[in-house]
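I opened my notebook to record what I looked up.

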Amino acid sequence: MASSCIDFDRFKLLPLSLTSLSNSHSPSSSSRTLILTRHRCSIPRIGLFLDGSRVKREVSGIIPRTIFLKHPRIITAVARAEPNEEVNKGNSTTAREIPTSELKQKNSQLKKRVVFGLGIGISVGGVVLAGGWVFTVALAAAVFMGAREYFELVRSRGIADGMTPPPRYISRVCSVICALMPVLTLYLGQIDVSVTSAAFVVAMALLMQRGIPRFAQLTSAMFGLFYCGYLPCFWVKLRCGLAVPALNTRLGASWPVIFGGQTQWTVGLVATLISFSSIIAADTFAFIGGKAFGRTPLTNISPKKTWEGAVAGLGGCIATSVLLSRIFCWPTSTLSAIAFGFLNFFGSLFGDLTESMIKRDAGVKDSGSLIPGHGGILDRVDSYIFTGALAYSFVKLFLPFYGV
């Protein structure tokens with residue numbers, strides 16, 4: 001008799017028992033009944049072969065839980081899938097294809113983030129080095145786009161269900177006013193008068209509108225002027241207002257004359273570069289530390305942020321501030337560099353959480369889709385909104401002779 005076998009491992013056919021049963025036709029003879037069990041699956045067709053010859057009966061569709069074959073000889077079970085039929089009708093993709101597609105999508109998003117991140121970083125570095133009107137106009141453009149995103153968030157369903165948003169024309173006027181504030185700061189040297197005038201104009205426009213004015217309209221518009229217009233103006237005051245030369249910088253001593261020479265390196269330029277770099281380091285170290293060691297949630301506003309990530313971000317921010325202070329020889333005190341790094345981290349974290357709170361109430365993940373792989377402009381500059389005011393106040397008020 002030809003030898004045959006059952007491939008149990010391949011088709012998961014489990015033998016339960018092999019018992020002797022009395023033959024009803026011949027009491028003296030006995031035969032063995034082989035009971036095969038298989039987990040319920042949807043292999044379209046299974047054929048049974050007996051010593052190489054095919055059993056006439058085929059089981060199609062869903063295989064029954066047990067198959068009883070009564071025969072004294074050895075049998076072979078062979079499962080076959082039809083080439084043009086789906087194994088699982090409810091799932092057209094295999095288990096191996098799903099992680100592959102997700103991995104490709106994540107790699108594509110990461111590539112976009114890296115490419116656009118490097119492009120933005122290089123562009124911002126050039127704008128900061130240029131200073132003056134170049135820096136101010138670029139900041140005004142970012143403020144205008146950020147203000148548009150803010151007022152769109154205010155008008156979103158998640159926030160508008162609980163309050164009455166300002167009329168659309170008020171939102172557009174506020175966006176234009178926010179964009180003009182950095183320009184007025186550079187031209188006038190201060191921002192107080194322009195902010196007060198803008199608040200008065202917006203308040204009067206809301207009070208004189210058709211229909212019944214609502215207090216929520218006034219508060220959201222005033223906060224928009226403060227958040228998107230007033231706070232970013234401190235970067236103009238820091239970069240362009242603190243024009244005291246930082247003549248002790250080693251980099252400034254070798255800076256080409258065609259790019260401004262040593263006088264290009266002012267306290268405002270050095271402080272802005274250190275502050276920007278510290279914020280980038282804080283975000284980077286917080287992300288890496290949170291991914292590697294994050295266990296304890298920091299706040300319910302942003303569930304992905306952890307205390308471990310915050311500590312890593314603080315360490316990276318302070319280390320970057322101290323390292324750059326040694327390169328630029330500003331500030332001259334190590335304690336001042338540590339305090340400056342701490343303020344940069346605190347301002348960046350507070351700004352990030354504030355924008356997360358707004359997006360959470362609005363029920364959106366990103367403030368916009370302006371930057372591929374990064375979201376909106378507010379998603380990229382949220383860490384800088386409050387930091388400029390803290391950095392300027394620290395250098396102006398707490399560092400004797402601006403840290404020189």
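**Entry 1: one leucine**

In which helix is Leu153 found? I located Leu153 in helix H3, residues 132–154. I noted that the model is predicted.

Then I listed what Leu153 touches, leaving out residues up to four places away in sequence. The contacts are Ile159, Ile358, Lys359, Ala362, Val364, Ser367 and Leu378. I looked at Ala362 again. Along the chain, Leu153 and Ala362 are 209 residues apart. Their C-alpha atoms are separated by 5.9 Å.

**Entry 2: helix H11**

I moved on to H11, which covers residues 307–328. H11 has 22 residues. From first C-alpha to last, H11 reaches 31 Å, close to the expected 32 Å.

Which residues of H11 are buried? I wrote down Gly309, Ala310, Gly313, Gly316, Cys317, Thr320, Ser321, Leu324, Ser325 and Phe328. I viewed H11 down its axis. The buried residues fall within an arc of 165°, so they line one face of the helix.

On the face turned away from the buried side, I found the exposed residues Val311 and Leu323. After H11 comes Cys329, with a positive phi near 55°.

**Entry 3: aromatic rings**

How many aromatic pairs does a search of the whole structure find? The search gives 19.

I picked Tyr227 and Phe386, a tilted pair. Their centres are 6.1 Å apart, with 55° between the planes. This pair links distant parts of the chain, 159 residues apart. Tyr227 is in helix H7 (residues 215–230), and Phe386 is in the loop between helix H13 (377–385) and helix H14 (387–398). Tyr227 has a relative accessible area of 0% and is buried. Phe386 is at 16%, which also counts as buried.

I then took Trp235 and Tyr384, another tilted pair. I noted 6.5 Å centre to centre and 55° between the planes. Trp235 is in helix H8 (residues 233–241) and Tyr384 in helix H13, 149 residues apart. Both Trp235 and Tyr384 are buried.

Last, I traced a cluster linked by ring pairs. Its members include Tyr150, Phe151, Tyr227, Phe346 and Phe386.

Definitions and conventions
Residues are numbered from 1 along each chain as its sequence is written. This is a predicted model: local features need pLDDT of at least 70, side-chain atom pairs count only at pLDDT 80 or more; totals for chains, interfaces and linings use all residues. Side-chain values use heavy atoms; hydrogens and water are left out. Helices (H or I, at least four residues) and strands (E, at least two) are DSSP runs, numbered from the N terminus. The expected span of a helix is 1.5 Å times one less than its number of residues. Buried means under 20% relative accessible area, exposed over 50%, partly exposed in between (1.4 Å probe, protein chains only). The arc is that of the directions from the helix axis to the C-beta atoms. Contact means heavy atoms within 4.5 Å. Rings of Phe, Tyr and Trp (its six-membered ring) pair if their centres lie within 6.5 Å; planes under 30 degrees apart count as stacked, over 60 as edge-to-face and the rest as tilted.
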